[in-house]
Amino acid sequence: MGDITHPPMEQLQDLEYCIDSNPPWPETVLLAFQNYILVLGTSVMIPTLLVPMMGGNDGDKARVIQTLLFVAGINTLLQTLFGTRLPAVVGGSFAYVVPIAYIIHDSSLQRIDDPHERFMHTMRAIQGALIVAASIQIILGYSQVWGLFSRFFSPLGIAPIVGLVGLGLFQRGFPALGNCVEIGLPMLLLVIGLSQYLKHVKPLRDFPIFERFPVLICVTIIWIYSLILTAGGAYRGRPDATQKSCRTDRANLISTAPWFKFPYPLQWGPPTFAAGHAFAMMSAVLVSMVESTGAYKAASRLAIATPPPAYVLSRGIGWQGIGVLLDGLFGTGTGSTVSVENVGLLGLTRVGSRRVVQISAGFMIFFSILGKFGAVFASIPFPIFAALYCVLFGLVGSVGLSFLQFTNMNSMRNLLITGLSLFLGISIPQFFDEYWTPHRRGLVHTNAGWFNAFLNTIFMSPPTVGLIVAVFLDNTLDVEKSKKDRGMPWWVKFRTFRGDNRNEEFYTLPFNLNRFFPPT
């Protein structure tokens with residue numbers, strides 16, 4: 001027992017750059033471009049799934065991808081400057097797919113015969129729902145209600161939530177990689193090999209190139225490999241699903257993307273509003289708030305910052321609500337949340353610099369305006385991203401579990417809460433997911449479509465189910481007796497902005513704005 005010397009540590013020690021320290025400029029630019037490449041996976045996948053269901057063609061899909069990336073760049077800049085100020089990319093969210101599918105299959109929209117006309121009307125309906133639903137997030141954020149609710153969190157309660165933010169995305173990992181195993185599996189092995197086994201190899205001036213740029217190097221190698229397979233006819237005569245997953249020329253993004261297109265508000269026409277659509281969309285807003293809260297906690301740990309106090313968390317949720325409002329105004333086809341894969345990249349590269357993420361936002365905006373150039377990178381086959389997700393989502397999940405070091409895991413109460421919230425957080429969404437397809441309403445199937453979409457969205461989200469179970473049990477089972485076991489003596493100082501002197505260093509607003517918006 002005397003050899004076990006791993007005391008709990010408030011901050012990770014083996015990262016090269018923290019939130020306020022910056023790598024040299026050439027390294028910063030390359031790291032930022034690496035973040036941009038990573039965010040393309042989700043930004044391409046969501047429109048690829050939704051736009052054909054809406055009646056849109058390949059040209060519409062390319063425009064939606066451009067708009068989604070453009071607004072993601074703006075939202076990332078706003079979040080890193082005025083929100084939580086953590087190095088977190090804010091991009092498109094899969095949490096909105098269920099309510100959007102409900103809107104797409106609305107009978108009034110399905111009656112429109114012309115596909116392009118149906119696409120335009122559906123997009124306007126989605127915009128209206130996002131604009132109304134964003135108000136809930138803005139109110140909960142800026143009124144500090146979300147921050148007050150976060151006071152019910154403890155290290156024991158937050159560990160399963162953050163853990164499920166990563167582990168709950170398992171279906172976008174190996175199951176998606178398996179759609180084209182001949183490029184996905186080499187990608188997975190190469191990423192692990194370069195970033196872990198060769199991280200101490202420094203071929204360029206004593207610089208750890210394999211540890212710092214594993215995504216850029218591995219994506220380039222496997223992308224070229226997949227181009228050779230496509231050009232060599234390896235997929236000729238294969239099933240259509242295989243060709244879509246493996247080929248580099250099936251997305252039709254390069255041919256349909258315009259050379260130059262500047263996304264602007266209301267580019268699809270005036271939004272339309274319906275109460276049922278807005279209520280359904282509010283469920284996705286609530287889910288994205290839970291997922292983002294977990295992602296912010298993970299990002300703070302991987303950026304060597306203190307956990308964001310309630311005031312900072314509320315501020316970030318408020319700005320995220322403004323981001324969803326921008327999604328509705330510009331017409332991105334989905335709402336926003338924190339990109340979990342980019343949070344994982346902070347740990348993989350050991351760089352938690354805020355500046356890197358801010359410059360990556362510039363890349364998102366730049367390449368979304370220059371459509372053809374952005375479309376080249378967007379044509380990377382999705383199994384390549386799925387291989388990265390296996391590593392990055394797993395890393396975020398383990399960061400969540402690291403919060404358990406501040407609790408007493410020899411307590412049967414704590415073991416029960418942790419195990420039950422993790423198990424139900426994976427098991428319940430999997431059960432709901434088996435019954436849901438874009439063309440079916442899912443497990444909850446009443447005559448009220450908005451109600452179906454609302455409950456299906458809530459219970460298909462692992463972090464949300466984990467939060468409900470963990471926070472309820474942690475705040476009702478032997479609360480007074482278990483304060484120390486729950487980790488509250490360590491956690492209490494991070495509840496308020498003034499509770500820890502380091503909060504001012506990490507979370508103070510730029511341009512001396514704290515004078516006008518003092519922490520509460």
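A: A residue is termed buried under 20% relative accessible area, exposed over 50% and partly exposed in between, with a 1.4 Å probe and protein chains only. The model is predicted: local features need pLDDT of at least 70, side-chain atom pairs count only at pLDDT 80 or more, and totals for chains, interfaces and linings use all residues. Residues are numbered from 1 along each chain as its sequence is written, and side-chain values use heavy atoms, without hydrogens and water.

Rings of Phe, Tyr and Trp (its six-membered ring) pair if their centres lie within 6.5 Å; planes under 30 degrees apart count as stacked, over 60 as edge-to-face and the rest as tilted. The structure contains 27 aromatic pairs. Among them, Phe207 and Phe213 are tilted, because their ring centres are 5.9 Å apart and their planes meet at 40°. Phe213 is buried at 6% relative accessibility, whereas Phe207, at 21%, is partly exposed.

Phe363 and Phe367 form a stacked pair, 6.1 Å centre to centre with 10° between the planes. Both residues belong to helix 17 (residues 354-369) and stand four residues apart, about one turn of the helix; helices are DSSP runs of H or I with at least four residues, numbered from the N terminus. Phe363 is buried at a relative accessible area of 18%, and Phe367 is buried at 12%.

Definitions and conventions:
Helix = DSSP H or I, 4+ residues; strand = E, 2+ residues; numbered from the N terminus.
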